Amino acid sequence: MLTRLGPPLTILLLTGPLLFGLAGTLLPAFGFLPVLGGMELTLRHFEALFDAPAIWASAGISLAAGLVTAAISLLVVMVFVAAWAGTPLFARIQHMVSPLLSLPHAAAAFALAFLIAPSGLLARLISPALTGWHHPPDLLIVHDPMGLAMMAGLVAKEIPFLMLMTLAALPQARAAETRRLTTALGYGRVAGFVYGTWPIVYRQIRLPVFAVIAFATSVVDVAVILGPTRPAPLAVRLVEWMSDPELSLRYLASAGAVLQLAVTGFALASWLALEKLAAALTRRAAGRGRRLRRDALARYAAFMGMLASALAVFAGLAALAVWSFAGLWQFPDVVPQSLTLKSWLRTLPRTAEPLLTTLLVGLAATFIAAVLAILCLMREDETGRRAGQGALALIYLPLVVPQVAFIFGLQFLLIMGDLLATLPALILAHLVFVMPYAYLSLKDPWRAFDKRYDWLAAGLGKSRWQRFFHVRLPMMLRAVLTLLAIGFSVSVGLYLPTVLIGAGRLTTITTEAVALASGGNPRIIGVYAFFQMLLPAAGFAVATLVPALIFRRFHGMRV
C-alpha cells in the first residue's frame, strides 16, 4: 500500500507547486490579483514591462548566459572525455573535478570573484613585477557589462555536473569498444568518439543539458556576485521588483517572470536548432571521411579547460579562507601581514540562526526526498515497469522550468494561505528541487542491486519490509548516504526559493552570503563561504566514512 502511494505522491509534490506557481505568476501578470485590488484582465503590465529601461538588454544577457554556458561546458566535457577517457590522467582530473559538484553555485562564484578581481589573487601574484601595479587597476572584471565573469562562474560549476552525467551514460555507449574500432579505421581519438559514441551519450544527457540552460538563463545568486549591474540580468531585476516595498511592482515582476519563461523557452528552442546543425555537420564530416588525426590542439585545450575550471575555484576558495583570517592585507601583498580570529569571533554569533535553518530545511527536505525516491523504486520492482522518458521528463521539470517563473506565483499563493516564511513552506520549496537529484542519484544503484539476495531472504520467510530493512538497505547504505549528501548539498545551495519563500525571515547560509556580496567585505564573506563549503563536504564525508567503518570487516562490501 505504502509503495503504491510513492509515485503519485512524488508527481504531486513535483508538479503541484510548479503548476500552482505558474498559475500564480500568470494571473497577476495579466492583472488579476485580488489581494492588491486587481480584478480585471489587462495587458498594461506587459506594456509597462516593455517600457522599462534596458529590459531587452537584460533579457539578451540572460539568453546569452544560458546558451554560452551550456555550449562551453558541454564542449569541454565532450572533447575531454573523447581525448582522455581510459587514461590515468582522466582518473586524476575526474577526482579533482568531482568535489566541485557538491559546492554551492554562490560559493564557486565568490571563489572566482576573489581570484579574478582587480585586487584578487591573480593580480597580486603578478604585481608589481609583471604589471607595475602598486594599486588595484581600475578594470571592470567582475560585474563586467557583457556578463563574461558570470558565464565563467557558471561554466566552472556546470562542467562537473555534465561530466558526472556523461560518466553515468558512458557504460551504455560501449565507448572503449567503439574507440578501438574507430582507431583501427584510422580516425583520430576525438573524431572517433564524436562520430561513434557521442550521439548515444548525448541522447541520455539531453535533459541535464536543458536543465543547465534553464538554470543559467534565470540564475540569480551567481548573477548578483559576478554578473553585470547596469543592466542586470533579467532574473535579478525581477527579484528586485518582487522585493520592492512598492506593492504595485508585483504586477511588473509577474509580467517579467512570463518574459523570463519566454527567454528560457527561446534558449531551449535555439539549442534544439543548434543540435540539428551540429548533427548535420558531424554527419557531413563523417560522410566525407574526415578522420581528423591531428587533434592534439583540441585534446590539450579541453584538458586545460577542465583543469582551469577546477583550479580556479579551488584557488579562489583558498584565497577566501585566507581572507577570513587576514589582518592587514594590502595590495599587492600576496599574503596578509598578520592573521587574526577577529572576523570569525565577530561573525560566528550571526551565523547561528541561518546555520540552524540551513540544517533543518536541508535535512528535512532530503529525508522526505529519499523516502519518496525509495518508494518509487520499490514500486518499480513490484510492477516490473521502469520509469520511461516521460517520467524522467517529469522529474526534470522543476529543473528545466525557470525558478522565477513559478516561485513568484508560489509566493503569492503562500501569502494568501498565510503560510509564507514558515518552515513547512520552505521545506516544500526545497523538496521540489531536491527530489529530482535524489531519484536520479539512487535509481542506477537500486536497479543494479542483485535481487537474488531478496529472493533468498523471501525463501527464509522474511516479509517485504523485513527484506528491505535487514537486507537491501544495509547493502545499499553507501548509495543511500550518497543520495542524502547530494540532496543536502542541493538544499544548501538553493538561493531564490529561500529568498522568496523565506521572505527574509527565514535565512540560510547561502542567502546571507549572497546578501553580503554587495558589501564586499572579504573577511566576512570568507567566513560564510567556509560554511557553504563545510556543510556539503560534511555530508559527503559522512557518506564516505560511515560505510567504510561499518563494512571494514566485510571484504566484499569494500570499494
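**The contact of α3 with α7**

Modeller: On the α3 side, I61, A64, A65, V68, T69, I72, S73, L74, V76, V77, F80 and V81 are in contact (heavy atoms within 4.5 Å) with M150, M151, L154, V155, E158, I159, L162, M163, T166 and L170 of α7. By class, this contact comprises 18 nonpolar, three polar and one charged residues, where Ala, Val, Leu, Ile, Met, Phe, Trp, Tyr, Cys and Pro count as nonpolar, Asp, Glu, Lys and Arg as charged, and the others, Gly among them, as polar. This is a predicted model, in which local features need pLDDT of at least 70 and side-chain atom pairs count only at pLDDT 80 or more, while totals for chains, interfaces and linings use all residues. Residues are numbered from 1 along each chain as its sequence is written, and side-chain values use heavy atoms, with hydrogens and water left out.

Helix α3 spans residues 55-84 and helix α7 residues 148-173, and they pack at an angle of about 45 degrees with their axes 8 Å apart; helices here are DSSP runs of H or I with at least four residues, and axes are lines fitted to C-alpha atoms over the stretch in contact, with angles running from 0 to 180 degrees between N-to-C directions. The two helices are therefore oblique to each other, a term for what remains once angles under 35 degrees (roughly parallel), over 145 (roughly antiparallel) and 65 to 115 (roughly perpendicular) are set aside.

As for charge pairing, the whole structure holds 11 salt bridges, each a side-chain nitrogen of Lys or Arg within 4 Å of a carboxyl oxygen of Asp or Glu.
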